[in-house]
Structures are given as structure tokens and as C-alpha cells.
Amino acid sequence: AHTPGVVADVRETAPGLPGRAGKWGELSLTPIVISPPMELMFTDWGFQPRPTWFFPEASADRAIGMLRAAGVPASEAEPLRSRVRSEPRISGVVIQPDPEWVRSLAPGVRSNVYQMLSRTWLNRDQSLAFRYRGSNLEEWLGADRVSPRTRQLVEPLVYSDGEYMLFSDVVLVQSEVGSEEELRRLGKALCRQPTVLARLSVGDAADVDRLIEYWGRGGRHTMVRPLLESIAEGGPGRFADVANLLPPFARNRIYRYPNVRSGDPGKQPLPNCLWSSLNFFRENPDDRYLDDAIALKALREDYAVVESDFELGDVVTFLDEGGNLFHAAVYIADDFVFTKNGASRMTPWTLQSIDDVRGFYRWRSADPRLVFHRRKGL
């Protein structure tokens, strides 16, 4: 079984903001940004030793046409034919463009090309790009997180998708960063993820039973009652950290990273969104849910779809235009979910708004359909 993960490095970015009040009470939200501890960082990130673009089910003409449609000028796209090779295993072709040409791509063209490439998992550097919501590279990388030279290497390769900045070209900077320590610093900066600290305002004693009913779902009323009653008895202006009101599984993981040592061979499955969602109320995680087929079967058989009046612990699934489930999270309150965005040791469990999760997965679907599921008998 997986054990609770490693605590992230945390930085506050803004003072507390009011959340929307509801049956969960009234929340106060503090935006923060977290990143993996340096002890977790490794230097062998990236999936290809050189730029390699896969075009499944495509001919050379089709691949060149796709690049042209993405904005690559004909004078640059046509010479790429000499770098096309057939790949029967994908019934398509592979292009290995010149690294210096890739480095020279204009930001808009890079964005179009990489968004096109990201539609297949074979192009993992693009589909699993580092991403950060915002338009200010200083906020993402910061002057104090990487050296000025490293920033100069990375900045021209950053591209945009909606409200997100993305970076895919690990292979173009890996050998030029200069040291393993600086490469770890860059990885740590690129892995930064925004989230929020949430506090629950507890009014007078008359509110406590209503709050216990909401936050004590899953047979946990007696677990949350002492904390909520104590805060209510202390008078106005008292708050409960929402993390302390979550079931042990989530409480022990939120704002943390999977407890996987950097020296591990990495062969064991890593906790993903389905495993995290279906184990939300379990004290001892069920690792059968690491198998997507078993997890999806449990979601179909053990949960019922709900369309309104959502409750703590409801599983929120994100479906693309073809009806394919690509992400799952757990509803907490207001518009916020407990989520793990990716099956990587470098992605933490966080509290994010549904809108932020939508934006993070924009590459999978521009307008995902959300389906809420509630465990039967809960």
C-alpha cells in the first residue's frame, strides 16, 4: 500500500479570499503555490533523447500537411520530408526535426504544433508538458529559483494554451543547464502547482450540527464534532483548517507528493486520479484501483450518478468530446475538488477549483463534460 507522501514546499501568493457560502459553511481561501522538495527531484526527466514527433495513422504527406496547418511555413515544412521515417508499429510515420530548427520556432507556431502533437500519448513530451496557469514567467520560474542563464534557455521555448504557459522541450536544455543541481532546481520550478489553503468559518453553536452533517459524511460525525464544537465555543473569528476535516486518506496526502524514493526503479504503478478518488473514504487504500479497468468497473457498479446538491466525497469525472473519461477528482465544497493531476511522483494531491482542473486538462478537452458520482450506501 502507498504511504502518505512527502510534504511540498509552500509559498503563499495572496491574502485570504472569501469563498461562496453554502451547506458546507463559509470558506476563506488563501492561494498558494507548492513544489516538490529538492530531495525528490531527479535529472533524467524527459521522454526522448532528441526531438521526436510521432504521427500515428499518417503518411509522410499527411504529417507534413498537419505541420503546415499548424503554421509551419512551406519553406520549412517541405525539407522535413528528408527526416520522415515509416513506423509500422503505429501505422504511421516519425519525424526527428533538427534541434536548432525546433529551438527557432516562433511561440505561436510552437503552440500550434505542440497542441497538435499532444493529441496522441506517443508524443509524451508534449502531452505531459509542464504547465502553469498565468502569463508571467517570473511567477512560474522566478529570478531566485533558477539561474539567469537557465531562464534564458527556457524562456524562448515557453508557449501558451489558453490561460496556461507550457514547456515541453526538456531535451533542448538538459545538456546545456550546466549541472545536475541546476537541473534539479529547474525541475522543481517547472513542477510548481497553484492550489489553495481553505479555512472553514465556524459561527455559534447553532451552526455546528449543520456543519457536522456535511463534513462528517462517511460515518465520521464523531471524528469532526470535537474540533467543530471546540472552535464554535471559542467565539466568533475562529476557523477550522479544511484539511483537518477530511477523511484520513485525503488529510494525510493533501499538499503532499507520493512517497516514492528517487532511487526506486519506478516499475510499480504510481497513484493516479482514479485510485485517489475511489480511496477517498478508505482508511486503508485499495491498490486494486491502480488498475484502471477495475477502478472503472467499481465506479459503474458501486456509485450512482447525481446531478445536483453535491456532497463531500462525490467523485467528479471529466469526459472528453468522445465520452472518454480522462480525469477524476473528489468534490469537497463550493467549487473545489481534491485532485491529483497526473500519475507522476512530481504531481501532488491538491485542492483546486473545478475551473482550474478544466484548464489544466485543456489539452485533453476544451469543454469537458462533468459527471458526479456518489458511492451507494454512503
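## Helix H4 and its neighbours

The buried residues of helix H4 pack against strand S5 (53-55), helix H1 (60-69), helix H3 (99-103), helix H5 (124-127) and strand S9 (159-161). H4 itself covers residues 107-117, and its buried residues are Val 109, Arg 110, Ser 111, Val 113, Tyr 114, Met 116 and Leu 117. Buried means under 20% relative accessible area, exposed over 50%, and partly exposed in between (1.4 Å probe, protein chains only). Contact means heavy atoms within 4.5 Å. Helices (H or I, at least four residues) and strands (E, at least two) are DSSP runs, numbered from the N terminus.

This is a predicted model: local features need pLDDT of at least 70, side-chain atom pairs count only at pLDDT 80 or more, and totals for chains, interfaces and linings use all residues. Residues are numbered from 1 along each chain as its sequence is written, and side-chain values use heavy atoms, with hydrogens and water left out.

## A six-stranded sheet

Six strands form an open, antiparallel sheet in the order S14-S19-S15-S16-S17-S18. Strand S14 (303-306) and S18 are the edge strands, and each pairs on one side only. From one strand to the next, the twist averages 40 degrees. Two strands pair if DSSP finds at least two bridges between them.

Strand S15 (residues 315-319) runs antiparallel to strand S16 (residues 325-333), and five bridges join them. Val 315 stands opposite Val 330 in S16.

H14 lies across S14, S15, S16 and strand S19 (369-375). It runs at about 70 degrees to S14. Axes are lines fitted to C-alpha atoms, for helices over the stretch in contact, and angles run from 0 to 180 degrees between N-to-C directions.

Leu 299 lies in this helix, which spans residues 292-302. Leu 299 has a relative accessible area of 5%, so it is buried. Not counting residues up to four places away in sequence, Leu 299 touches Leu 278, Val 315, Thr 317, Leu 325 and His 373.

## The second largest pocket

The second largest pocket is lined by 20 residues. Pro 31, Pro 194, Thr 195, Val 196 and Asp 356 lie nearest its centre. Strand S4 (26-35), strand S8 (130-133), strand S11 (193-201), strand S18 (349-353) and helix H15 (354-360) each give two or more residues to the lining. A pocket is an open set of points on a 1 Å grid over the protein atoms alone, where a 1.4 Å probe fits, with protein on both sides within 12 Å along at least five of seven lines; lining residues have an atom within 4 Å of a point.
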